[in-house]
Amino acid sequence: MTDRATRTDTAAAAVDSAAWTHVCPRSFRTDVPLEALSGERADVKLSNATGGQVEQYGLRRAPFLATTSEGTKTGLNLTFTASDVKRPLISVPELEDAGAEVTFAGAKCGGCRVVMPTGEVIPFKRKGQGY
C-alpha cells in the first residue's frame, strides 16, 4: 500500500510560462482523490494552445518529485487541475505566486531553473520546442 502523503510521481512535466495553473491528465496520481473545483478555479475555463476548451475534472493535491541541481530529490506540493492534457504542465505564474523564481536562460547564463523559496534550485531543460 502506498502512503499518499509521501508518494511522489516522476512523470515528465513541461514548465509552461503561458499556463494559468498547474494541470495534469485525469490519469495522473489516481491514488489521490479528485476534489471539486472551487473558488477562482471553478470560474475559469481552460483552453488549449489553439483556443479549444479543455474539460476540467477536479483538483489533485499531489507531491511531484523533482531533482535539484545537487542531485537530491525534493517533493513539490502542487495542486493540479485534472483535465484533458497529455502530461502535467507546471505553471510559471503559479510557481512565482508561491514565491519561486523561474529563469529561462542558455547554458552560458546558468541554464533554465526554478529557485524555490527554500533556496533549492531545480534545473530544467529544453526538449523539442518546450521546456
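Trainee: Where is the place of R29?

Mentor: R29 is in the loop between β2 and α1. Strands (E, at least two residues) and helices (H or I, at least four) are DSSP runs, numbered from the N terminus. Before we go on, this is a predicted model: local features need pLDDT of at least 70, side-chain atom pairs count only at pLDDT 80 or more, and totals for chains, interfaces and linings use all residues. Residues are numbered from 1 along each chain as its sequence is written, and side-chain values use heavy atoms, with hydrogens and water left out.

Trainee: Okay. Is R29 buried or exposed?

Mentor: R29 counts as buried because its relative accessibility is 2%. Buried means under 20% relative accessible area, exposed means over 50%, and partly exposed is in between, with a 1.4 Å probe and protein chains only.

Trainee: What about the phi of R29?

Mentor: R29 has a positive phi of about 50°, although it isn't a glycine. Most residues other than glycine have a negative phi.

Trainee: Which residue does R29 form a salt bridge with?

Mentor: D31, with the closest N and O atoms 2.9 Å apart. A salt bridge here is a side-chain nitrogen of Lys or Arg within 4 Å of a carboxyl oxygen of Asp or Glu. D31 counts as partly exposed, because its relative accessibility is 22%.

Trainee: How many salt bridges does the count come to?

Mentor: Two by this rule. Besides R29 with D31, there's R61 with E35, at 2.9 Å from N to O. That pair links distant parts of the chain: R61 is in strand β3 (residues 56-67), E35 is in the loop between β2 (23-25) and α1 (39-43), and they are 26 residues apart.

Trainee: Is β4 mostly covered or mostly open?

Mentor: Mostly covered: β4 (residues 73-83) has eight of its 11 residues buried. β4 also pairs with β2, in the parallel sense over three bridges. There, S83 in β4 is the bridge partner of P25.

Trainee: I also marked A62. Where is the place of A62?

Mentor: A62 is in strand β3. A62 counts as buried because its relative accessibility is 2%. From A62 to E40 it's 22 residues in sequence and 19 Å in space, C-alpha to C-alpha.

Trainee: And how far apart are E55 and T81?

Mentor: They're 26 residues apart in sequence and 9.9 Å apart in space, again C-alpha to C-alpha. E55 lies in the loop between α1 and β3, and counts as partly exposed because its relative accessibility is 44%.

Trainee: Changing topic: which strands form the open sheet?

Mentor: Three of them, in the order β6-β7-β8, with antiparallel pairing. The edge strands are β6 (101-103) and β8 (121-123), and each pairs on one side only.

Trainee: How does β6 meet β7?

Mentor: β6 and β7 (residues 113-115) pair in the antiparallel sense over three bridges. E101 stands opposite V115 in β7.

Trainee: Last one: which residues are closest to the centre of the second largest pocket?

Mentor: S47, N48, A49, V54 and L89, out of 16 lining residues. On a 1 Å grid over the protein atoms alone, a pocket is an open set of points where a 1.4 Å probe fits, with protein on both sides within 12 Å along at least five of seven lines, and lining residues have an atom within 4 Å of a point.

Trainee: How is the lining of that second largest pocket divided?

Mentor: Into nine nonpolar, four polar and three charged residues. Ala, Val, Leu, Ile, Met, Phe, Trp, Tyr, Cys and Pro count as nonpolar, Asp, Glu, Lys and Arg as charged, and the others, Gly among them, as polar.

Key
Two strands pair if DSSP finds at least two bridges between them.
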